[in-house]
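Trainee: Please walk me through this one, starting with a loop position and then moving on to the metal site.

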Amino acid sequence: MTAPASAVAADPTLIGIDLPDDVRDRLGADLAATPDPTRDIDWSMARYLQIFAQLPTETLQRVLDFGRHPDTPGVGHVRNAPVDEHLPATPRDGNPSPDKKSFVAEGVLLGLSGLIGEPVGFTTEKNGRLVHDVIPVEGGAMTQTNQGSAVFLNFHNDIVHDERGRYDLASPDFLVLSCLRADHEGVAGTYYADARDICRAVDERTLRTLRSPLFRMNAPGSYVRDVAGGAEVLSEPVPMISGPEACPEVSAAANGVHAMNDAARSALDRLQAACREVAHEVFLRPGEALLINNRKGLHARSPFTARYDGQDRWLQRTYVRRNQWDIRYRATPGTRRLH
Ligand SMILES: O=C(O)CCC(=O)C(=O)O
Ligand SMILES: [Fe+2]
């Protein structure tokens with residue numbers, strides 16, 4: 001792991017995006033006057049675009065470049081974003097808070113998301129909502145899911161179960177994580193390992209194995225729990241790393257990867273170790289967000305202590321696609337962003 005993000009802003013695989021105070025205040029005032037985005041999401045996305053167009057041109061370009069170019073960094077750390085004046089208790093069940101009456105955090109999350117793509121929902125993840133609440137939930141403390149807290153959430157990317165047998169194709173291109181409340185001790189770290197750095201860190205033979213279709217991904221925990229009755233649902237055999245050397249893509253299921261032989265098993269262990277060696281570490285605080293490219297790298301989270309007292313760590317998250325055309329076969333009839 002490397003130093004906290006503030007010290008690595010110049011790193012070529014992490015960009016820092018700092019909003020000046022006057023811009024933060026202007027965005028905050030505009031977002032505070034914007035209604036609940038779930039009332040009319042397409043109108044709200046248009047409004048957020050207008051609001052975020054006020055960013056300084058260079059800042060705006062950094063975010064746009066993050067979304068549009070294969071050779072840009074895989075993770076962006078946004079700091080000094082506006083926050084809600086009043087933040088209710090962290091919901092204990094991981095569902096949206098009925099007491100949240102202003103939508104500044106949602107505006108920051110969706111506004112940033114709209115600059116890099118389109119927020120989309122998946123029926124099997126958070127009931128298809130566009131804004132996900134990522135909160136420690138008591139029953140899930142030990143799980144490899146976003147409800148966990150007591151265990152290290154292994155390096156993974158967010159994938160979706162798909163009837164076609166590949167879970168890495170319909171998956172989001174990006175996720176955005178925005179912090180409303182840090183954990184009590186402030187020790188919950190979010191990590192990002194860029195595939196370019198991973199490829200440099202492992203030996204040639206391991207890389208060749210990781211690039212071979214010797215791995216079967218288990219479907220996400222939410223799908224296995226809610227749809228498959230707890231049984232594993234494995235993908236077809238896939239490689240973990242694919243694509244050109246200069247801009248590789250990496251995919252690893254959080255809920256378990258089955259290696260199909262011994263070489264694949266040790267390559268998988270080496271992959272997790274390499275991620276830990278090369279990862280950026282960010283301790284998210286209120287008013288900060290991470291833009292995460294879900295193809296260029298893997299992310300992880302350190303353990304932390306949840307108290308379930310209404311003051312626990314609270315992130316909001318979106319899943320973002322550059323476009324929805326390639327996943328239109330999954331679209332839920334009568335909806336536009338739900339797959
Ligand atoms: O809690 C975090 O920092 C990351 C959780 C995560 O992997 C996710 O929400 O997809
Ligand atoms: Fe994740």
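**A loop residue, a metal site and a helix pair**

Trainee: Which residues does V227 touch, leaving aside those up to four places away in sequence?
Mentor: With that exclusion, V227 touches T124 and S222, where contact means heavy atoms within 4.5 Å. Bear in mind that this is a predicted model, in which local features need pLDDT of at least 70, side-chain atom pairs count only at pLDDT 80 or more, and totals for chains, interfaces and linings use all residues. Residues are numbered from 1 along each chain as written, chains are lettered from A and ligands numbered from 1 in written order, and side-chain values use heavy atoms, without hydrogens or water.

Trainee: And where does V227 lie?
Mentor: V227 lies in the loop between α7 (221-226) and β9 (241-242), these being DSSP runs numbered from the N terminus (helices H or I, at least four residues; strands E, at least two). V227 counts as partly exposed because its relative accessibility is 47% (buried is under 20%, exposed over 50%, partly exposed in between, with a 1.4 Å probe and protein chains only).

Trainee: How far is V227 from E277 in space?
Mentor: Their C-alpha atoms are 36 Å apart, for a sequence separation of 50 residues.

Trainee: Switching to the metal, what coordinates the iron ion (ligand 2)?
Mentor: H156 (NE2), D158 (OD) and H299 (NE2) do, at 2.1 to 2.2 Å, and the spacing of these donor residues in sequence is H-x1-D-x140-H. Donors are N, O and S atoms within 2.8 Å of the metal (3.2 Å for Na, K and Ca), and water is not among the atoms, so sites may look incomplete.

Trainee: Is D158 buried or exposed?
Mentor: D158 is buried, at 8% relative accessible area, and H156 is buried at 6%.

Trainee: Last one: which residues of α1 and α2 meet?
Mentor: L27, D30 and L31 in α1 meet R47, Y48, I51 and F52 in α2.
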